[in-house]
Amino acid sequence: MALPNLWKIYSSFRTPEEERQFSRSAFFKFSGYILSCIVMTVLASRYTSGKTKLIPAVATTAIATTTA
């Protein structure tokens with residue numbers, strides 16, 4: 001038994017104009033989500049790339065103070 005196509009069932013209750021509005025809204029929300037993910041990834045990579053040089057120095061200092 002095949003499942004009914006829910007998109008067609010819901011779209012049959014809307015006018016073509018309403019369907020276009022929902023489609024555009026979904027597209028722009030999805031585009032905004034992808035764009036925000038890309039921006040956060042770029043910012044995080046830029047922030048952590050400068051900080052990785054400090055981690056070995058901090059670790060060495062922490063080891064030296066705990067063994068002394």
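Trainee: What percentage of the 68 residues of the protein count as buried?

Mentor: The share is 1%. Buried means under 20% relative accessible area, exposed over 50%, and partly exposed in between, with a 1.4 Å probe and protein chains only. Bear in mind that this is a predicted model: local features need pLDDT of at least 70, side-chain atom pairs count only at pLDDT 80 or more, and totals for chains, interfaces and linings use all residues. Residues are numbered from 1 along each chain as its sequence is written, and side-chain values use heavy atoms, with hydrogens and water left out.

Trainee: Which residue can you show me as buried, and why is it called that?

Mentor: Take Glu-19. Its relative accessibility is 14%. The limit for buried is under 20%, so Glu-19 counts as buried.

Trainee: What makes Glu-19 and Arg-14 a salt bridge?

Mentor: The distance. A salt bridge needs a side-chain nitrogen of Lys or Arg within 4 Å of a carboxyl oxygen of Asp or Glu. Here the closest N and O atoms are 3.0 Å apart. Arg-14 itself is partly exposed, at 25% relative accessibility.

Trainee: How many salt bridges does the structure hold?

Mentor: There are 2. Glu-17 and Arg-20 also meet in one, at 2.6 Å from N to O. These two residues sit 3 residues apart in helix H2 (residues 16-51), so about one helical turn separates them.

Trainee: Why are Glu-17 and Arg-20 called partly exposed?

Mentor: Glu-17 has a relative accessible area of 41%. Arg-20 has 42%. Both values fall between the 20% and 50% limits, so partly exposed is the label.

Trainee: What is the secondary structure of the protein?

Mentor: It comes to 3 helices and 0 strands. Helices are DSSP runs of H or I with at least four residues, strands are runs of E with at least two, and numbering starts from the N terminus.

Trainee: Why is the pair of Phe-27 and Phe-28 called edge-to-face?

Mentor: The structure holds 1 aromatic pair. In it, the centres of Phe-27 and Phe-28 are 5.4 Å apart, with 65° between the planes. Rings of Phe, Tyr and Trp (its six-membered ring) pair if their centres lie within 6.5 Å; planes under 30 degrees apart are stacked, over 60 edge-to-face, the rest tilted. So the pair is edge-to-face.

Trainee: How do you know that Tyr-33 is exposed?

Mentor: Its relative accessible area is 53%. Tyr-33 is found in helix H2.
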